[in-house]
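The following exercises concern a single predicted protein model. Each sets a task and then works through its solution.

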Amino acid sequence: MIRAALGAGLLALTVMSAQADELHLPALYDVRGVAADDTLNIRQAPSASSTIIGTLAPDATGIEVVAKGPTGSWGRINTGEQSGFVSLAFLTRQPGQPTIMDTPVTQCFGTEPFWGITFRHTGATTGGTWSTPEETRDLSFLIGPRAAGRADRFAITGTGTSLVTKRTLTGVIRAEYCTDGMSDRQYGLAIDLLSLKGGTDRTLFTGCCSIAPLQP
C-alpha cells in the first residue's frame, strides 16, 4: 500500500514536472560546446539526418527556443522566414527564466490587420511603441499580473495620450504555439489584445509575441 502510494506520488510529480517544463518555454539559450572554427546546424526536422536549413555561430547567444521536439532533445528555433531544430546538447539555457514572465517580451505583432508593439525595458519601467499602417505611438506599459494559479499566461496594459485621443491596450499573453500568417516561423507566445481609442473605437487584435533580442 505504502509503495503503491509512493509510486503514484512519484508518477504525479513526474507528470507535473513535465508539464511545468513545457510552460517554461519559450526561453533564451546560448550555444555551447561547439568548436570556434565550426557552426551548429539548424535542421528542418528534429533529426541528425534531416536537411540543414541554417547554422548558428559557436558563440551565438539569446537564441529563442519556442518548443521541444518529440524526444525532448531538440529545440525549435526560427531562422530566416522558417523554423527548424537545433540539438539541445549544444545549447545552454540562460539563467533566471523559471516562468514566461521572467524573460521580458521584446515584441508582439499580428496581421490582417497589421499591427505591432516593440517593448523597451528599462529597470522597473516598460515603454513601447505601438504601430499600425495608420498610426505610430509611444505608450507606457504595465506587465502582469500573472493569471491566478497558473504560470502560462499574464496580462499587459498599455496607455498613451496624444493631443487628441487616448489609446489603451489591454492584453493577455499566453504560452501557446503561434504563427504570424506571413511565413513559416513559429513562436511560443500568443496574444489577444483589446485596443480602445478615444473611448469608442474598440478593436480586438490577435497575434504572436517573441522574447528574442531585437536586431540592431
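**Exercise 1.** Locate serine 50 in the fold, and decide whether serine 50 is buried or exposed.

*Solution.* 
Step 1. Serine 50 belongs to the loop that runs between strand E2 (40–43) and strand E3 (52–56).
Step 2. The relative accessibility of serine 50 is 13%. Buried means under 20% relative accessible area, so serine 50 counts as buried.

**Exercise 2.** Determine which backbone nitrogens the side chain of serine 50 reaches, and list the residues that serine 50 touches beyond four places in sequence.

*Solution.* 
Step 1. The side chain of serine 50 comes to 2.9 Å from the backbone nitrogen of alanine 45.
Step 2. A polar contact requires N or O atoms within 3.5 Å.
Step 3. When residues up to four places away in sequence are not counted, serine 50 touches Arg43, Gln44 and Ala45.

**Exercise 3.** State how many salt bridges the structure holds, then characterise the pair formed by aspartate 152 and arginine 150.

*Solution.* 
Step 1. The structure contains seven salt bridges. Side chains of opposite charge can pair when their charged atoms come close.
Step 2. In the salt bridge between aspartate 152 and arginine 150, the closest N and O atoms are 2.7 Å apart.
Step 3. Aspartate 152 has a relative accessible area of 8% and is therefore buried.
Step 4. Arginine 150, with a relative accessible area of 40%, is partly exposed.

**Exercise 4.** Describe the salt bridge between arginine 174 and aspartate 192, and identify the strands in which the two residues lie.

*Solution.* 
Step 1. The two side chains, of arginine 174 and aspartate 192, meet at 3.1 Å, N to O.
Step 2. Arginine 174 lies in strand E14 (residues 166–179) and aspartate 192 in strand E15 (residues 186–197), so this pair ties together parts that are 18 residues apart in sequence.
Step 3. Arginine 174 is buried because its relative accessibility is 14%, whereas aspartate 192, at 31%, counts as partly exposed.

Technical notes
Residues are numbered from 1 along each chain as its sequence is written. This is a predicted model: local features need pLDDT of at least 70, side-chain atom pairs count only at pLDDT 80 or more; totals for chains, interfaces and linings use all residues. Side-chain values use heavy atoms; hydrogens and water are left out. Helices (H or I, at least four residues) and strands (E, at least two) are DSSP runs, numbered from the N terminus. Buried means under 20% relative accessible area, exposed over 50%, partly exposed in between (1.4 Å probe, protein chains only). A polar contact is a pair of N or O atoms within 3.5 Å; within protein, one must be able to donate a hydrogen and the other to accept it, and residues adjacent in sequence count only if both atoms are side-chain atoms. Contact means heavy atoms within 4.5 Å. A salt bridge is a side-chain nitrogen of Lys or Arg within 4 Å of a carboxyl oxygen of Asp or Glu.
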